[in-house]
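Here is a short briefing on side-chain contacts and helix packing. Please look over the model first.

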Amino acid sequence: MRRKIIILTAALLSALAFLLLIPAAGVPILAYHMVNDLDEPYSISPGEFEEQMAYLAKQGYTSITLAQLLDGMEGKKSLPPKPIVITFDDGYTDNAEIALPIMARYRMNATIFIIAGHAGEPPYMSWDEIKAIQRTGTEIGSHTYSHEALSEIDPADQLYEVLESKKTLEAELQQSIGFLAYPYGKFSPAVVDALQQAGYRGACSGKAGLNKPGTDPYILKRVNVPQPKFGLWEFRLRLLRAEIYSKLNL
């Protein structure tokens, strides 16, 4: 019996190793918040952030927008060999002052989700700053109007949060807003209905994994990147976990 258990365990480990060696099909979407030296769970230091961007560039990743991702998933356009989407939630000033200049050194672009009702309130970007990064090619998305957990409020408030944010951003930026990131990653079927009513093309959730043809555009998966405790190894493990989730269809 013991010998059978050992053989079975070895077989399972071999199968897992083989699975990990097969490249995962799908596009990662990274989820950042702040890039500064604050000791906050969702703050990445500039040095750590640059190390991560350098790693992505060395691995041959090309950053794309969410619009390009959906075009690729829908078969409308071809994607580069190793695409990746790099997103930031909330719209902090340091995104423009610190993160984007670092990304530019590695020819990376970003998608930044703005809390429309908080624009101009420290520590968030002002409308002038948002317009300035928009002109550089940064994709702007919605993070609702006041950062409510959408699945925890009633349907009328859900629709207000997603529609008012979209209307405000479009009025200020004179550009269509197609994407939203759910605050706290929380959503529900009713929230997805509200997004569709408001005219959004897709949304980023809190679910882990990669995105590929067939992924629900209103439940796009992301790789959360909080303050690392184990340096670049932790970042690489987070990417690996997303690949494993994708391979196991989780």
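Where does S45 lie? S45 sits in the loop between β3 (43-44) and α2. This is a predicted model: local features need pLDDT of at least 70 and side-chain atom pairs count only at pLDDT 80 or more, while totals for chains, interfaces and linings use all residues. Residues are numbered from 1 along each chain as its sequence is written, and side-chain values use heavy atoms, with hydrogens and water left out.

- S45 is buried, with a relative accessible area of 19%. Buried means under 20% relative accessible area, exposed means over 50%, and partly exposed lies in between (1.4 Å probe, protein chains only).
- S45 touches V35, N36 and D37, not counting residues up to four places away in sequence. Contact means heavy atoms within 4.5 Å.

**Aromatic pairs**

- A search of the whole structure finds 7 aromatic pairs. Rings of Phe, Tyr and Trp (its six-membered ring) pair if their centres lie within 6.5 Å; planes under 30 degrees apart count as stacked, over 60 as edge-to-face and the rest as tilted.
- The ring centres of Y32 and F49 are 5.1 Å apart and the planes stand at 80°, so this pair is edge-to-face.
- The pair links distant parts of the chain, 17 residues apart: Y32 is in strand β1 (residues 29-32) and F49 in helix α2 (residues 46-58). Helices (H or I, at least four residues) and strands (E, at least two) are DSSP runs, numbered from the N terminus.
- Both Y32 and F49 are buried.
- Y32, F49 and F88 form one aromatic cluster.
- Y182 and F187 make a stacked pair, 5.1 Å centre to centre with 25° between the planes.
- Y182 counts as buried at 1% relative accessibility, whereas F187 counts as partly exposed at 26%.

**Charges over rings**

- The charged end of R236 sits over the ring of W233, 4.6 Å from its centre. The test is NZ of Lys or CZ of Arg within 6 Å of the ring centre and within 35 degrees of the ring normal.
- The charged end of K166 sits over the ring of Y200, 5.8 Å from its centre.

**Packing of α6 and α7**

- Helix α6 (residues 155-173) packs on helix α7 (residues 189-198) at about 35°, with the axes 9 Å apart. Axes are lines fitted to C-alpha atoms, for helices over the stretch in contact, and angles run from 0 to 180 degrees between N-to-C directions.
- From α6, Q158, L159, V162, L163 and K166 meet A190, V191, A194, L195, Q197 and A198 of α7.
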